[in-house]
Amino acid sequence: MDFLFSYLALAAIYVMLGLSTNLLVGIVGIFSVSQAAVFGVGAYVVAHFLMAAEPLSFLPALAIAMVCCVSLNILVTLPSLRVSGDYFVVTSFGIQLLATAVFTNWTAGTGGANGLPGIPPPDVFGYELSSTFQLMALCLCGLLLACGCFWLIMRAPFGRLLRAIREDELAVAAAGKNVLRAKVSAAALAGAFAGMAGGMYATFLSFIDPSSFDLDASILLLTMVVVGGARTLAGSIVGPFLLLAMPQALSMLDIPTTIAAAARQLIYGVLLITFMLFRPQGLLGERL
Amino acid sequence: MLLLQLLINGIVTGCALGVVAVSFSLIYATTKIFHVAHAGVYTMAGYIAWWLVGRGAPDIVALLAAIAACALLGALIQGLLYAQLAKRRATHLVVLIASLGVLAVIQNIVAAVFTPNILQFAVPWAERVVSFETIRITYPQVLTIVVSLAAYGGVMWFAHYTILGKRIRAVASNPFLAGITRLQPNTVYVYVVAIASAIVALPGVLVPLDLGLQPYGGITPLLTATIAMIAGGVGSISGAFMLSVAIAVLQNLSLLVIPGEWSIGITFFIFVIFMLFRPTGLFAAAR
């Protein structure tokens with residue numbers, strides 16, 4: 001039973017990340033491979049405040065992490081989006097590599113390659129959540145919050161503006177809308193989702209290390225959105241649930257453990273290519 | 001003395017990066033595709049050469065075979081993937097994601113076949129060193145400078161004085177017009193990606209001679225090269241090459257004050273500065 005609960009909790013966390021990636025890649029149409037970096041910042045910030053000499057409780061720490069991630073995403077997207085979409089590719093690769101370097105080398109703050117063990121379980125309004133079931137419930141609450149947020153935004157005028165930008169940026173600009181501001185706001189929102197996911201991930205696993213937040217993780221997030229389907233809520237939910245089940249399915253095949261990680265990433269790559277060639281809208285999405 | 005040594009190291013790295021930047025710039029300026037998978041082609045070159053050298057092939061044969069294999073790989077990527085995507089009217093974003101997919105596939109095939117650990121070339125002459133007083137330059141470093149400068153000169157000559165080179169520049173400047181005048185842009189795209197992939201095989205083989213091979217080691221050079229391309233001005237071959245050398249030299253000199261593991265930060269800092277103050281690059285063609 002605990003196994004199912006932890007699968008659900010992880011899937012819930014990845015759905016939040018999927019929504020975050022979907023906002024950037026699917027809805028605004030910016031290619032991003034740095035979502036895992038933002039996710040990592042959220043996780044490390046929460047871990048830092050929970051393990052500080054005078055620990056904060058979980059919700060304020062999560063709020064701080066979300067603010068950090070939002071500001072990071074604004075800082076990152078602002079200069080490059082001003083120029084051209086392709087330059088953002090460089091920015092996002094750069095941020096991802098830089099974040100991995102910080103997570104691995106800044107030993108004092110992040111524990112370096114060994115990671116940070118012993119992150120205390122979250123407490124909500126004085127209650128300490130320690131069983132897997134309670135943690136799963138917390139993650140599912142986060143999931144509902146994120147999904148509700150996403151759904152509301154997509155119905156709001158702001159959501160329509162974002163969709164319009166993806167269809168025809170020039171026309172939107174000609175209609176007097178501020179394209180850059182809308183894009184940066186979407187990126188900020190994506191940062192908030194990723195920060196929340198990061199905080200929950202850190203407390204759920206009680207251990208974080210740089211390998212969860214590297215380029216491969218970003219590629220996994222992109223694959224989730226591509227497989228599930230871009231631009232829809234359903235797509236961002238289906239993708240993570242399917243892809244998180246895949247390593248389990250793979251472990252039934254007889255693959256030597258030394259190449260298991262490479263084999264998994266290889267499959268993500270093949271999925272990306274196949275879906276782009278034959279079904280760019282994914283399983284339940286709209287055309288990219 | 002340390003300063004001079006770092007300067008020389010920077011020039012060596014910069015020349016190799018310059019070739020990566022030039023080849024990437026050829027593809028980007030012509031096909032308008034941000035060919036992320038180029039990092040995979042770069043990695044592949046080194047591993048093919050390593051495998052052949054391990055099987056007892058002469059060094060020069062290994063290099064030539066790697067170049068040929070990379071050209072073929074590039075042509076396949078363009079012909080089977082990018083051309084198909086273009087036929088389906090895929091958006092820019094879709095092409096980018098597919099390219100990232102190719103990168104993941106190449107890197108992980110390499111990692112699965114050759115293990116993810118660092119491999120060293122078993123080439124005896126690679127150990128030899130030219131030294132002036134305290135400054136040491138290895139043979140592969142000398143070779144890297146010579147070959148890179150030759151490759152840069154070759155690309156310049158090719159682009160300006162050969163029929164195919166002129167055809168490529170025509171397609172780059174206006175694919176539609178080139179199509180009407182029977183320059184066949186789609187064929188040209190295959191040629192360009194194949195040629196650029198062949199060129200990137202040179203640093204792909206020469207750099208690992210000195211530093212060893214790693215399956216995921218192609219991304220940082222490609223990122224630095226794209227930054228150099230943007231800072232030099234998209235479409236300017238000389239700009240891309242010169243800025244690569246400048247960035248690599250700066251990176252190496254920064255080792256005096258900042259530890260090496262943060263060099264990606266320096267590169268990225270340069271990029272942000274350019275984004276803020278000169279987003280069109282130093283040598284951008286007039287528009």
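**Entry 1: the model.** I worked from a predicted model, in which local features need pLDDT of at least 70, side-chain atom pairs count only at pLDDT 80 or more, and totals for chains, interfaces and linings use all residues. Residues are numbered from 1 along each chain as its sequence is written, and chains are lettered from A and ligands numbered from 1 in the order in which they are written.

**Entry 2: chain A against chain B.** I counted residues as in contact if their C-beta atoms, placed from the backbone, lie within 7 Å. The contact takes 35 residues from chain A and 38 residues from chain B. On the side of chain A that touches chain B, α12(A) gives the most, with 13 residues. Helices here are DSSP runs (H or I, at least four residues), numbered from the N terminus.

**Entry 3: α10(A) and α12(A).** I found that the axes (lines fitted to C-alpha atoms over the stretch in contact) come within 10 Å and cross at roughly 40 degrees. That makes α10(A) oblique to α12(A); angles under 35 degrees count as roughly parallel, over 145 as roughly antiparallel, 65 to 115 as roughly perpendicular and the rest as oblique. Among the residues that meet are A:L220 and A:V227 in α10(A), and A:Y268 and A:F275 in α12(A).

**Entry 4: α6(A) and α9(A).** I noted that α6 (residues 132–155) and α9 (residues 179–205) of chain A pack at about 175 degrees, with axes 11 Å apart. The two helices are therefore roughly antiparallel to each other. Residues making the contact include A:L135 and A:G142 of α6(A), and A:M196 and A:F204 of α9(A).

Technical notes:
Contact = placed C-beta atoms within 7 Å. Axes fitted to C-alpha atoms, helices over the stretch in contact; angles between N-to-C directions.
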